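Morning, everyone. One chain today, and I'll be quick. Have a look at it first.

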Amino acid sequence: MTGVETRSVSRDSLLLLAGIRIEQEADTHRVKVRNLSDGGMMGEGNLRVQRGNRLDIELRNVGSVAGTVAWVQDDRFGVAFDEEIDSQAARKPTDSSQNAPADILDRSPAHRAPPAPSPRTLRKV
C-alpha cells in the first residue's frame, strides 16, 4: 500500500448490517458493512465468496442492490455495485413509524427510562 488515495469516489466508514444473497443460492447471509460509497462497499463476515460472484445486497433505507465481488481478503470482500446508490441514505435512521403498527409505537411504561433523580434526594458519598 502506498498511502496514496487512488479512488475516484469518496467512501464512508460506518458499521451496519446488510443481508447478502449469492446468486444461484437461496440463503441470505448477514454481514457487516465496513465502508460504503455510491459505487460499492466493503463487507466483512463469515461468507465464502469469490471474485466475480454476483450478489444481491439488501441495505437499509436503500433496498436491494446488485453487484459483483471485486476482491476477497480473509473475511473481508469488496463489491462493485451495478448502479450507483445514495450511500448517505444508509446512514440515516430508519423511519419505523411508517412501517410499524400503531400498537407497537405505544410502548409500555416498562420501556421508558426512569425520571432523573431530584438533586435534593441525592447525597454525597
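Let me start with a question: is Asp-74 buried or exposed? Asp-74 counts as exposed, because its relative accessibility is 69%. The cut-offs: buried is under 20% relative accessible area, exposed is over 50%, and partly exposed is in between, with a 1.4 Å probe and protein chains only.

Ground rules next. This is a predicted model, where local features need pLDDT of at least 70 and side-chain atom pairs count only at pLDDT 80 or more, while totals for chains, interfaces and linings use all residues. Numbering runs from 1 along each chain as its sequence is written, and side-chain values use heavy atoms, with hydrogens and water left out.

Confidence. pLDDT is the predictor's confidence in each residue, from 0 to 100. The average over the protein chain is 80. At least 70 is reached by 74% of the residues. Residues 97-108 are a stretch to treat separately: pLDDT stays under 50 there. For that stretch the model has 4 contacts beyond four places in sequence. Contact means heavy atoms within 4.5 Å.

Now the layout. The protein chain has 6 strands and 3 helices. From the N terminus, the order is β-β-β-β-β-β-α-α-α. These are DSSP runs, numbered from the N terminus: helices are H or I with at least four residues, strands are E with at least two. Of the contacts with a separation of 6 or more, 47% join residues 24 or more positions apart. Buried residues make up 28% of the 125 in the chain.

On to strand S4, residues 54-59. Which of its side chains are buried? Leu-55, Ile-57 and Leu-59, which point to one face.

What does S4 pair with? Strand S5, residues 63-73, antiparallel, over 6 bridges. Pairing here requires DSSP to find at least two bridges between two strands. Glu-58 has Ser-64 as its bridge partner in S5. For Asp-56, the partner in S5 is Ala-66.

Where is it? In the loop between S5 and strand S6, residues 76-81. S5 and S6 form a hairpin too, with 2 residues between them. Asp-74 sits in the turn, with a positive phi of about 55°. S5 and S6 run antiparallel, joined by 6 bridges. Gln-73, in S5, has Arg-76 as its bridge partner in S6. Gln-73 is exposed, because its relative accessible area is 53%.

Glu-44 comes in here. Its C-alpha is 8.9 Å from that of Asp-74, 30 residues apart in sequence. From Gln-73, 29 residues apart, the C-alpha separation is 9.6 Å.

Last, the core. A nonpolar core is a set of buried Ala, Val, Leu, Ile, Met, Phe, Trp, Tyr and Cys residues joined through side-chain atoms within 4.5 Å. The largest one has 21 residues. Leu-36, Met-41, Leu-55, Ile-57, Leu-59, Phe-77 and Phe-81 touch the most other members. Strands S1 (11-22), S2 (29-37), S4, S5 and S6 each give two or more residues. S1 gives the most, with 5.

What does Met-41 touch, beyond four places in sequence? Its contacts include Ile-20, Val-33, Ile-57, Phe-77 and Phe-81.
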